[in-house]
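Here are my notes on this model, point by point. Please keep the coordinates open while reading.

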Amino acid sequence: MTQLPLPRMTPVSMSRRVVAGALMVVMMGGSPIAAWAQAKPATPAAAPAAAAPASSAAAVAPVAPGKTVGATQINATDSKDVVPVGDLSSIPAPTLAARAWISIDVNSGQVLAASNPDQKVEPASLTKIMTAYVVFNALDEKRITLDQQVPVSEHAWRTGGSRMFIEPRKPVTVEELLQGVIVQSGNDASVALAEAVGGSETAFAALMNQESERLGMKNTHFMNATGLPDPQHITSVRDLATIATHLITDHPDYFHFYKQKSFTYNKISQSNRNRLLWADPSVDGMKTGHTDSAGFCLVATALRGDRRVLTVLVGTDSESTRAEESLKILNWSFQNFDTVKLFDKAQPGLDARVWEGKVETVKLGPPAPVWIAVPRGKTADVKPVAERTDPLVAPLEKGQKVGTLRLTLDNKTLRVEPLVVQEPVERAGFFGRMVDTVKRWFN
């Protein structure tokens, strides 16, 4: 059995041609096995994931720019033979002056590079990404509104650290408080929102931890809505990448706050502390953090063309260092990797033979479009490999899993996706089933 070579192509053309150009049907053990590039005995389907050693493992949910997606896969490790795409790059990641960091290709969800991604660290004001996420959930669920006025408690007013300068008995809206949290990094604003949504900051922290568990943030525990130091208030850069990616993809209508450069409240104007908003026009977020023990931290994201990259750095020694190092890894990520989209509505997958059905073939493919990041110049070397159950016997339901799809590069697996039925197939009548039974005898 030989592999069908893929033609040379650009990242743009690959998404259309890799599917059509790599299909074939081969015979194994007397049964027709449909495959992209190469067929293998069917194995249990693995969830979409990317796994690797602790230094660079895992992936975040693939995201089409401007689209909302479901849960991320940054912690999914169902397929143990999946390798990080960064391991296949001939250009090493730069050395960064940070305690821990990670770079994510947001479209595909793949980790491009990382250092100490699972080390437990203090999140400082990066905590406020989760604070905003829980508030955005409440807005979407109509439990609060942007123009709703929020009472300011004495607890919120007296909260130390960076402040928005809210005052008791002075009107303030949810939208103003969100800008106070996101742009000004106000601890007082964070507590006021926490009390508005959860009733108390303690109850709100429980909601934050509930979301952390739902999203698979295994190294995270929140004690407050601000990020003020607490021995039990911990996270990791991988977990921060998870919540940051979810905020971008789950709540795109509110993401514009993160590129806002300044905000004025109570006649006090404060600038966004994210220096990259001024340094690079492609940067449109996201959040800074600092305490004496956590150091200077930054979650940064940039959109260049249709590609989004997100980075998380913690434990640098200054504001300028966190900005310079973040821009360094952002540029490296964009310059040394391509991202391509496969299997959308225009390219639904492969035709597979169906037995005992009202039709003879059915389309198989992933349940959703797939983005994949590869080292620059390697797009034409990606080989899709289908591993599926055979024979396929009707009836078949839409979305029914019948195998797995592996996307490989240099004989190493970069992604594993479910292979599902694209359209339902009804069972044929008695005569049709008998004809197919005879045909299968001869096959």
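1. Burial first. A residue is called buried when its relative accessible area is under 20%. By that cut-off Trp-332 is buried, and Phe-337 is buried too. Keep in mind throughout that this is a predicted model.

2. Aromatic pairs. The count comes to 3. One of them joins Phe-136 and Tyr-254. Their ring centres lie 4.7 Å apart, with 15° between the planes, and the pair is stacked. It links distant parts of the chain, the two residues being 118 residues apart. Phe-136 belongs to helix α2 (residues 127-140). Tyr-254 sits in the loop between α7 (237-250) and β5 (262-265).

3. Phe-136 has a relative accessible area of 0%. For Tyr-254 the value is 12%. Because the cut-off is under 20%, Phe-136 counts as buried, and so does Tyr-254.

4. A pair with another geometry. The ring centres of Trp-332 and Phe-337 are 5.3 Å apart, and their planes meet at 70°. Planes over 60 degrees apart count as edge-to-face, so this pair is edge-to-face.

5. Strands β11 (residues 350-355) and β12 (residues 361-365) run antiparallel. They are joined by 4 bridges. Across this pairing, Ala-352 stands opposite Val-362 in β12.

6. A charge over a ring. Where does the charged end of Arg-353 sit? It lies over the ring of Trp-355, 4.0 Å from the ring centre.

7. Rolling a probe the size of a water molecule over the atoms shows where empty space is left. How many cavities of 30 Å³ or more are there? The count comes to 1. The volume of the largest cavity is about 40 Å³.

8. Cavity lining. The residues are Ile-182, Val-183, Ser-185, Asn-272, Arg-273, Asn-274, Met-286, Lys-287 and Thr-288. Strand β7 (residues 283-291) gives the largest share of the lining, 3 residues. By class, the lining divides into 3 nonpolar, 4 polar and 2 charged residues.

Note on methods: Residues are numbered from 1 along each chain as its sequence is written. This is a predicted model: local features need pLDDT of at least 70, side-chain atom pairs count only at pLDDT 80 or more; totals for chains, interfaces and linings use all residues. Side-chain values use heavy atoms; hydrogens and water are left out. Two strands pair if DSSP finds at least two bridges between them. On a 1 Å grid over the protein atoms alone, a cavity is a set of points where a 1.4 Å probe fits but cannot get out, and a pocket is an open set with protein on both sides within 12 Å along at least five of seven lines; lining residues have an atom within 4 Å of a point. Grid points are joined across faces, edges and corners, and a volume is the space filled by probe spheres set on the points. Ala, Val, Leu, Ile, Met, Phe, Trp, Tyr, Cys and Pro count as nonpolar, Asp, Glu, Lys and Arg as charged, and the others, Gly among them, as polar. Rings of Phe, Tyr and Trp (its six-membered ring) pair if their centres lie within 6.5 Å; planes under 30 degrees apart count as stacked, over 60 as edge-to-face and the rest as tilted. Buried means under 20% relative accessible area, exposed over 50%, partly exposed in between (1.4 Å probe, protein chains only). A charge sits over a ring if NZ of Lys or CZ of Arg is within 6 Å of the ring centre and within 35 degrees of the ring normal.
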